[in-house]
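Reader: I would like to go through the terms used for this structure and see what each one rests on. Please set the values against the cut-offs.

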Amino acid sequence: MKIKRAFLDTEDGQIHYRIGGEGEPLILLHQNPISSNEYRELMPIFIKEKKLVIAMDFLGFGESDKPPRMYYIEDYAKTVILLLDELGIKKANVLGHHTGAFVAAEVAAVYPERVNKLVLSGIDYFEEEQRKTLYNRFSEAYQIKEDGSHLIERWPVRLSYVDLELNHRCLLDEFKCHGYPPYGPFAIMNYAEKSLERFRLINCKTLILSGTEDIKQLE
(Lines give C-alpha, C1' and ligand atoms only; values in the text may rest on other atoms or scores of the structure.)
Protein backbone atom coordinates (compact mmCIF):
# COMPACT_ATOMS: atom_id res chain seq x y z
CA MET A 1 0.00 0.00 0.00
CA LYS A 2 3.04 2.25 -0.20
CA ILE A 3 2.38 5.61 -1.86
CA LYS A 4 5.31 7.04 -3.79
CA ARG A 5 5.99 10.62 -4.84
CA ALA A 6 7.42 11.75 -8.14
CA PHE A 7 7.68 14.73 -10.47
CA LEU A 8 6.67 15.27 -14.08
CA ASP A 9 8.70 17.75 -16.13
CA THR A 10 6.63 20.11 -18.28
CA GLU A 11 7.49 23.24 -20.25
CA ASP A 12 5.92 25.34 -17.47
CA GLY A 13 7.61 23.59 -14.54
CA GLN A 14 7.64 20.39 -12.53
CA ILE A 15 4.39 18.78 -11.39
CA HIS A 16 4.46 16.82 -8.15
CA TYR A 17 2.24 13.77 -7.82
CA ARG A 18 1.55 10.81 -5.53
CA ILE A 19 0.94 7.33 -6.87
CA GLY A 20 0.15 3.96 -5.36
CA GLY A 21 -1.69 0.69 -5.88
CA GLU A 22 -2.49 -1.46 -8.88
CA GLY A 23 -5.57 -1.90 -11.01
CA GLU A 24 -8.07 0.45 -12.64
CA PRO A 25 -6.55 3.97 -12.81
CA LEU A 26 -8.11 6.75 -10.74
CA ILE A 27 -6.76 10.30 -10.77
CA LEU A 28 -7.64 12.72 -7.96
CA LEU A 29 -7.69 16.50 -8.53
CA HIS A 30 -7.58 18.84 -5.55
CA GLN A 31 -9.28 22.09 -4.62
CA ASN A 32 -7.79 25.58 -4.30
CA PRO A 33 -5.56 26.35 -2.39
CA ILE A 34 -4.76 22.82 -1.19
CA SER A 35 -2.72 20.05 -2.87
CA SER A 36 -2.71 16.30 -3.40
CA ASN A 37 -2.27 16.10 0.39
CA GLU A 38 -6.05 16.60 0.44
CA TYR A 39 -6.37 12.93 -0.54
CA ARG A 40 -3.85 11.53 1.95
CA GLU A 41 -6.47 9.48 3.81
CA LEU A 42 -8.55 8.66 0.75
CA MET A 43 -5.79 7.18 -1.39
CA PRO A 44 -5.22 4.07 0.80
CA ILE A 45 -8.97 3.37 0.76
CA PHE A 46 -9.07 3.34 -3.03
CA ILE A 47 -5.86 1.32 -3.19
CA LYS A 48 -7.51 -1.39 -1.08
CA GLU A 49 -10.26 -1.47 -3.72
CA LYS A 50 -7.66 -2.55 -6.30
CA LYS A 51 -7.15 0.86 -7.87
CA LEU A 52 -4.06 2.53 -9.26
CA VAL A 53 -4.46 5.91 -7.56
CA ILE A 54 -2.75 9.13 -8.67
CA ALA A 55 -3.11 12.51 -6.97
CA MET A 56 -1.35 15.49 -8.55
CA ASP A 57 -0.50 19.00 -7.36
CA PHE A 58 -1.62 21.55 -9.94
CA LEU A 59 1.03 24.01 -11.04
CA GLY A 60 1.00 26.82 -8.50
CA PHE A 61 0.04 24.54 -5.60
CA GLY A 62 1.65 22.16 -3.14
CA GLU A 63 5.07 20.92 -4.20
CA SER A 64 4.57 21.73 -7.88
CA ASP A 65 6.32 24.71 -9.44
CA LYS A 66 4.64 28.06 -9.83
CA PRO A 67 3.71 28.49 -13.51
CA PRO A 68 5.35 31.31 -15.51
CA ARG A 69 1.93 32.79 -16.34
CA MET A 70 -1.67 32.71 -15.15
CA TYR A 71 -3.24 29.35 -15.87
CA TYR A 72 -6.70 28.57 -17.22
CA ILE A 73 -8.85 25.51 -16.53
CA GLU A 74 -7.99 24.36 -20.06
CA ASP A 75 -4.28 24.54 -19.19
CA TYR A 76 -4.76 22.46 -16.07
CA ALA A 77 -6.76 19.90 -18.06
CA LYS A 78 -3.81 19.55 -20.43
CA THR A 79 -1.46 18.84 -17.52
CA VAL A 80 -3.74 16.00 -16.41
CA ILE A 81 -3.36 14.44 -19.86
CA LEU A 82 0.40 15.00 -19.77
CA LEU A 83 0.57 13.04 -16.52
CA LEU A 84 -1.60 10.22 -17.86
CA ASP A 85 0.65 10.05 -20.93
CA GLU A 86 3.75 9.97 -18.75
CA LEU A 87 2.33 7.03 -16.80
CA GLY A 88 1.18 5.21 -19.92
CA ILE A 89 -2.48 5.40 -18.91
CA LYS A 90 -4.86 5.48 -21.85
CA LYS A 91 -8.10 5.83 -19.85
CA ALA A 92 -8.84 6.65 -16.21
CA ASN A 93 -11.59 7.47 -13.78
CA VAL A 94 -11.32 11.10 -12.66
CA LEU A 95 -12.42 12.63 -9.35
CA GLY A 96 -12.18 16.38 -8.76
CA HIS A 97 -13.10 18.61 -5.83
CA HIS A 98 -14.01 22.32 -6.29
CA THR A 99 -11.28 23.70 -8.61
CA GLY A 100 -10.31 20.10 -9.32
CA ALA A 101 -13.90 19.38 -10.32
CA PHE A 102 -13.82 22.09 -12.98
CA VAL A 103 -10.56 20.66 -14.31
CA ALA A 104 -11.98 17.12 -14.24
CA ALA A 105 -15.05 18.29 -16.17
CA GLU A 106 -12.89 19.95 -18.81
CA VAL A 107 -10.78 16.82 -19.17
CA ALA A 108 -13.96 14.79 -19.79
CA ALA A 109 -15.28 17.40 -22.23
CA VAL A 110 -12.14 17.75 -24.35
CA TYR A 111 -10.60 14.30 -24.00
CA PRO A 112 -13.61 11.95 -23.79
CA GLU A 113 -11.53 9.02 -24.96
CA ARG A 114 -9.33 9.36 -21.84
CA VAL A 115 -12.08 9.33 -19.21
CA ASN A 116 -14.03 6.29 -18.07
CA LYS A 117 -16.12 7.63 -15.18
CA LEU A 118 -16.26 11.07 -13.59
CA VAL A 119 -16.91 12.32 -10.05
CA LEU A 120 -17.45 16.07 -9.56
CA SER A 121 -17.48 17.23 -5.94
CA GLY A 122 -18.51 20.79 -5.10
CA ILE A 123 -18.66 22.01 -8.69
CA ASP A 124 -20.54 25.23 -8.00
CA TYR A 125 -21.77 27.77 -10.52
CA PHE A 126 -20.73 31.37 -9.84
CA GLU A 127 -22.44 34.43 -11.25
CA GLU A 128 -20.22 37.25 -12.53
CA GLU A 129 -20.35 39.23 -9.28
CA GLN A 130 -19.60 36.10 -7.27
CA ARG A 131 -16.62 35.37 -9.50
CA LYS A 132 -15.20 38.84 -8.91
CA THR A 133 -15.75 38.48 -5.16
CA LEU A 134 -14.03 35.09 -5.17
CA TYR A 135 -11.03 36.41 -7.05
CA ASN A 136 -10.67 39.56 -4.94
CA ARG A 137 -11.07 37.67 -1.68
CA PHE A 138 -8.29 35.24 -2.48
CA SER A 139 -6.09 37.99 -3.91
CA GLU A 140 -6.32 39.75 -0.55
CA ALA A 141 -5.98 36.54 1.48
CA TYR A 142 -2.74 35.61 -0.30
CA GLN A 143 -1.00 38.84 0.69
CA ILE A 144 1.97 38.47 3.03
CA LYS A 145 1.67 41.14 5.71
CA GLU A 146 4.71 42.60 7.41
CA ASP A 147 3.32 42.02 10.91
CA GLY A 148 2.44 38.38 10.14
CA SER A 149 -1.26 38.98 10.84
CA HIS A 150 -2.19 37.00 7.71
CA LEU A 151 -1.13 33.84 9.56
CA ILE A 152 -3.71 34.41 12.30
CA GLU A 153 -6.45 35.69 10.01
CA ARG A 154 -6.54 32.50 7.95
CA TRP A 155 -6.61 30.09 10.91
CA PRO A 156 -10.39 30.22 11.71
CA VAL A 157 -11.64 30.13 8.10
CA ARG A 158 -12.28 26.36 7.98
CA LEU A 159 -12.74 25.56 11.66
CA SER A 160 -16.53 25.37 11.36
CA TYR A 161 -16.29 22.21 9.25
CA VAL A 162 -12.82 20.63 9.77
CA ASP A 163 -10.90 19.52 12.86
CA LEU A 164 -7.73 21.16 14.17
CA GLU A 165 -5.27 18.74 12.56
CA LEU A 166 -6.87 19.01 9.11
CA ASN A 167 -7.12 22.78 9.44
CA HIS A 168 -3.40 22.91 10.17
CA ARG A 169 -2.62 20.79 7.11
CA CYS A 170 -4.81 22.96 4.90
CA LEU A 171 -3.07 26.10 6.12
CA LEU A 172 0.39 24.68 5.45
CA ASP A 173 -0.66 24.14 1.85
CA GLU A 174 -2.36 27.52 1.62
CA PHE A 175 0.68 29.40 2.89
CA LYS A 176 2.66 28.04 -0.07
CA CYS A 177 0.32 30.11 -2.24
CA HIS A 178 0.86 33.35 -0.30
CA GLY A 179 2.83 35.97 -2.16
CA TYR A 180 1.71 34.59 -5.52
CA PRO A 181 -1.29 35.29 -7.77
CA PRO A 182 -4.52 33.36 -7.01
CA TYR A 183 -4.14 30.84 -9.81
CA GLY A 184 -7.18 28.77 -8.87
CA PRO A 185 -9.73 31.59 -8.51
CA PHE A 186 -8.38 33.16 -11.72
CA ALA A 187 -8.94 29.90 -13.59
CA ILE A 188 -12.48 29.51 -12.25
CA MET A 189 -13.33 33.17 -12.90
CA ASN A 190 -12.46 32.73 -16.57
CA TYR A 191 -14.17 29.36 -16.92
CA ALA A 192 -17.41 29.75 -14.98
CA GLU A 193 -19.31 31.73 -17.62
CA LYS A 194 -18.81 29.01 -20.23
CA SER A 195 -18.88 26.10 -17.79
CA LEU A 196 -22.50 25.08 -18.45
CA GLU A 197 -21.76 24.93 -22.17
CA ARG A 198 -18.65 22.84 -21.50
CA PHE A 199 -20.53 20.47 -19.18
CA ARG A 200 -22.92 19.61 -22.01
CA LEU A 201 -19.99 18.01 -23.85
CA ILE A 202 -19.52 15.40 -21.11
CA ASN A 203 -20.87 12.04 -22.17
CA CYS A 204 -19.34 9.63 -19.66
CA LYS A 205 -21.02 8.36 -16.51
CA THR A 206 -20.86 11.19 -13.95
CA LEU A 207 -21.57 11.43 -10.23
CA ILE A 208 -22.08 14.92 -8.78
CA LEU A 209 -21.55 15.52 -5.06
CA SER A 210 -22.54 18.78 -3.36
CA GLY A 211 -21.63 19.83 0.19
CA THR A 212 -23.13 22.63 2.24
CA GLU A 213 -20.53 23.92 4.71
CA ASP A 214 -17.22 24.68 3.00
CA ILE A 215 -18.79 26.88 0.31
CA LYS A 216 -20.13 29.22 3.01
CA GLN A 217 -16.72 30.88 3.33
CA LEU A 218 -17.25 32.30 -0.16
CA GLU A 219 -20.58 33.92 0.67
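Reader: What makes the contact between Arg158 and Glu174 a salt bridge?

Author: A salt bridge is a side-chain nitrogen of Lys or Arg within 4 Å of a carboxyl oxygen of Asp or Glu. For Arg158 and Glu174 the N to O distance is 2.8 Å, so the pair meets the definition. Arg158 lies in the loop between α5 and α6 and Glu174 in helix α6, so the bridge ties together parts 16 residues apart in sequence. Both Arg158 and Glu174 are buried, a term that stands for under 20% relative accessible area, with exposed meaning over 50% and partly exposed in between (1.4 Å probe, protein chains only).

Reader: What are the numbering and the model based on?

Author: Residues are numbered from 1 along each chain as its sequence is written. The model is predicted, with local features needing pLDDT of at least 70 and side-chain atom pairs counting only at pLDDT 80 or more, while totals for chains, interfaces and linings use all residues, and side-chain values use heavy atoms, leaving out hydrogens and water.

Reader: Which other salt bridge does Glu174 form?

Author: Glu174 also meets Arg154, at 2.5 Å from N to O. Glu174 is in helix α6 and Arg154 in the loop between α5 (149-153) and α6, 20 residues apart. Both Glu174 and Arg154 are buried.

Reader: Why is Lys176 called partly exposed?

Author: Its relative accessibility is 32%, so Lys176 counts as partly exposed. Lys176 forms a salt bridge with Glu63, the closest N and O atoms being 2.3 Å apart. Since Lys176 sits in the loop between α6 (164-175) and α7, and Glu63 in the loop between β4 (51-56) and α2, the pair ties together parts 113 residues apart in sequence. Glu63, at 40% relative accessible area, is partly exposed too. The structure holds 17 salt bridges, and Arg40, Glu41, Glu165 and Arg169 are linked in a network of them.

Reader: How do you know that α3 is largely enclosed by the rest of the structure?

Author: Eleven of its twelve residues are buried, so α3 is largely enclosed. Among the buried residues are Phe102, Val103 and Glu106. The buried residues of α3 pack against β3 (24-29), α2 (73-86), β5 (92-97), β6 (115-121) and α7 (183-199), where contact means heavy atoms within 4.5 Å. Helices (H or I, at least four residues) and strands (E, at least two) are DSSP runs numbered from the N terminus; the chain has seven helices and seven strands.

Reader: Why is the chain called as compact as a globular protein of its length?

Author: The radius of gyration is taken over C-alpha atoms, and the globule rule is 2.2 Å times the number of residues to the power 0.38. The chain has a radius of 17 Å, close to the 17 Å that the rule gives for 219 residues, so the wording holds. Buried residues make up 52% of the chain.

Reader: Why is the pair of Phe58 and Tyr76 called tilted?

Author: Rings of Phe, Tyr and Trp (its six-membered ring) pair if their centres lie within 6.5 Å; planes under 30 degrees apart are stacked, over 60 edge-to-face and the rest tilted. The ring centres of Phe58 and Tyr76 are 5.0 Å apart and the planes stand at 50 degrees, so the pair is tilted. Phe58 is buried at 1% relative accessible area, and Tyr76 is buried at 1%. Phe58, Tyr71 and Tyr76 form one aromatic cluster.
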